[in-house]
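Take a moment to look over the chain before reading on. We will start with one residue and then widen the view.

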Amino acid sequence: MEGISLDVTSIFPSLSDVLYQELRSTISGDTYRRGDPSFLDYSRMFNGDVKVNAMAVVCPLDALDVSQVILFCRKHSISASVKAGGYGTAGWAVGGDIIIDLYKIADIDIEPPAADGSFTSIRDMPALGSKGKVKAGPPLLDRSDAATSSKRRREDDHEMSYDLASATVSDFLHPGGSSAPFADRPPATRRRLEFAAPTLEVPQMSTYSATSSSSQNPSTTLLSSNSLGSSIPVLSNLLASNIPSMDGATTDLALPSPLPDTSSKSPPCLSSLDDPFSYLDDTSNNPAPPAASTSRLAQSMPNALFATPSFLESSTNILTYAMPIYSHAFMTFGAGKRQKEIDQFSAANPLEAMSLAGGRGAVPYHVPSAAHPVGSAIMILGGFGFLGRLHGLSSDNLVEAEVVLADGQIILVNRNEHPDLWWALRGAGPAFGVVTRYKARAYPVPVVFAGNLIYRFHRATAPSLIKHFRDCVKGAPRELYANVLLTAGPAGQDSLVVIQMCYVGPKVKGQEFLQAISSWDGERCLLNEVDEKSFLHQQDSVAQVLRGKAGNKWFIRSALISSLPDNIVNKTVLQFADTPVGCTWLFELAGGALVDFEDNCIPKAQRQASFTVAALHQWDIGFQDPRCVHSAEEWIAETLAPVTLGGPLPSFLGRQEPPGRVIACYGENWARLCEVKKKYDPDNFFRNSFWPLNAEGEIIEPEEHEPQHIEF
């Protein structure tokens, strides 16, 4: 690596002036070498346990920039890694000598299908504001917009709040308010204490009569909640809007009554140094800024509610009851977009629909993905979330991708172009190229009936609750997503058992599943806040319960299991009772549409799993306890072994994964996957990925292709 010099401020090498100038001159985006203050900003991972040894970070603006960086690296025998979204645990994204941060490729667009069901190819999509067509490569947003917005978006990483998922859950987890989390809790040395936790009931809904004075024709508006026999809460800042019902009469809007005051006097809260579970302190109350609507349809709706922040900030809205015209749409987005930003765009840019009155309406269309927070790479690593049982994995819904290959070539990959790479890309993409733009199917999600049932964890009763959950969701329709998670409580607090359900539809259809699940009477339910809400805010619900914080140490293990027998449940509860702070164990109902797709590298055996299982462990950077890792390994590798099917979904691959587990992700498809790798990346240029083989096809251990981590 000629031309590399040592930065006097660091023990790690940095690019020489000559190479730095050469790299800067080859791309339109920014370049930051070690020692530049922005280097740390752009090389930071969500997992704070990763040591970054890179010499520079580049922020390309399009595929051509990425191609030039790859050619530069090959010319000087420098390794590269790819960072898209910033959410990863193994550290592969920042493991190269040069980090390619795709943050600024942040274009996004949505289109309904053509009459024959087809879509506009990425190569034919016009740049924003242009009138002509452009070839694959340039982003949809102009360069100036991308350059000026990226710094703000990156700063938002550490200010992100997920409390819009449920204000009730937020108050439950932060009884004293997020500005003084757990201030009413006494300091304690034990994680679990036997005390009577406050019981919160779902607030009763009072009604408010909003009289319309709009000049709009009532037939062009969408109907309020009462059309489906359920109340829909909306924020009070929407009440100033004049919203007529379909018949032009007044519309009753349901407003939540004030929550009961659960605060109490107690000693001051613990400091982050004393409380290793201090990541529950979400110091910012500022949610990520809502996406501005570019939809003429949304902006033409009465009072332009879709285009206003107040609409997006509401937990639900009365404009969701409409019949979609299209079974699906197509979303095109740059690799720098995070899932939360994609969902915000979907909510702000709905497509035309028919209201229940037969008039004009609108419905948001969402791309199936994992819950917030994830980055765009979920699209090429599997990706299972609230829409997965209904529409398949994220990678199943990819229809086209713009890819930069290991030799710098820019290609479009789809069912007809490079079909062998198309098969491998959807599930193992990071090992084959750099995807700079995606086009994926998005589906109408007018409303979901979703939320949490929260119980106190007791080792004596938790097995009964988990078994009850298992039996209730057996044979559930595809519209129902459900999980049960065990999450370790903060210092001085009991651990919790949380059941999350998300029925993709209205309350009248989803309520029977809530009634079945909530019928368990082994313990008092501390909180039941399942109700109708927007899918945008439901996507925050897992993160809201986990209360994840950027900069914490993270360790993840996952598996796919064929069944959940009683003995596994019993042993799981006993093991979890002895886990340290910061541990969450999750059972997600799988099946449904996952079995419908067999045209990509994720094998049929994995798709037939009954549950996806994950150990999600996070802890303060200064907290030392080997059980944070060992308890996850023991549970996944030993307790669940009798019912495990191969490896996990690739999107759940984490740090220090044994090569055998990685290979098991692809089962019978592994040999074919290796052949495609030889064709498109014969010298293993994309070695900074999960790929467990070297250029000669020999198995390598995790430490040989992962960056260093902080010692436990």
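Does Arg338 count as buried or exposed, and at what relative accessibility? Arg338 counts as buried, because its relative accessibility is 3%. Buried means under 20% relative accessible area, exposed means over 50%, and partly exposed lies in between, with a 1.4 Å probe and protein chains only.

A word on the source. This is a predicted model, where local features need pLDDT of at least 70, side-chain atom pairs count only at pLDDT 80 or more, and totals for chains, interfaces and linings use all residues. Residues are numbered from 1 along each chain as its sequence is written, and side-chain values use heavy atoms, with hydrogens and water left out.

Back to Arg338. This residue is found in the loop between strand 11 (329–334) and helix 8 (339–348). Helices (H or I, at least four residues) and strands (E, at least two) are DSSP runs, numbered from the N terminus. The side chain of Arg338 makes a polar contact with the side chain of Tyr103, at 3.1 Å. A polar contact is a pair of N or O atoms within 3.5 Å; within protein, one must be able to donate a hydrogen and the other to accept it, and residues adjacent in sequence count only if both atoms are side-chain atoms.

Three strands form an open sheet in the order 10-12-13, with antiparallel pairing. Its edge strands are strand 10 (322–324) and strand 13 (360–363), each of which pairs on one side only. Two strands pair if DSSP finds at least two bridges between them. Strand 10 and strand 12 (residues 351–355) have three bridges, in the antiparallel sense. Met323 stands opposite Met354 in strand 12.

Next comes helix 15 (residues 566–576). Its buried residues are Ile568, Val569, Thr572, Val573, Gln575 and Phe576. Why are they on the same side of helix 15? They cover an arc of only 165° around the axis. That arc is taken from the directions from the helix axis to the C-beta atoms. Their cover includes helix 11 (462–473), strand 19 (480–487), strand 24 (583–589) and helix 17 (627–639).

Lys604 counts as partly exposed, because its relative accessibility is 43%.

Finally, step back to the whole chain. Its secondary structure comes to 19 helices and 25 strands. Of its 712 residues, 61% count as buried.

How values were computed
Contact means heavy atoms within 4.5 Å.
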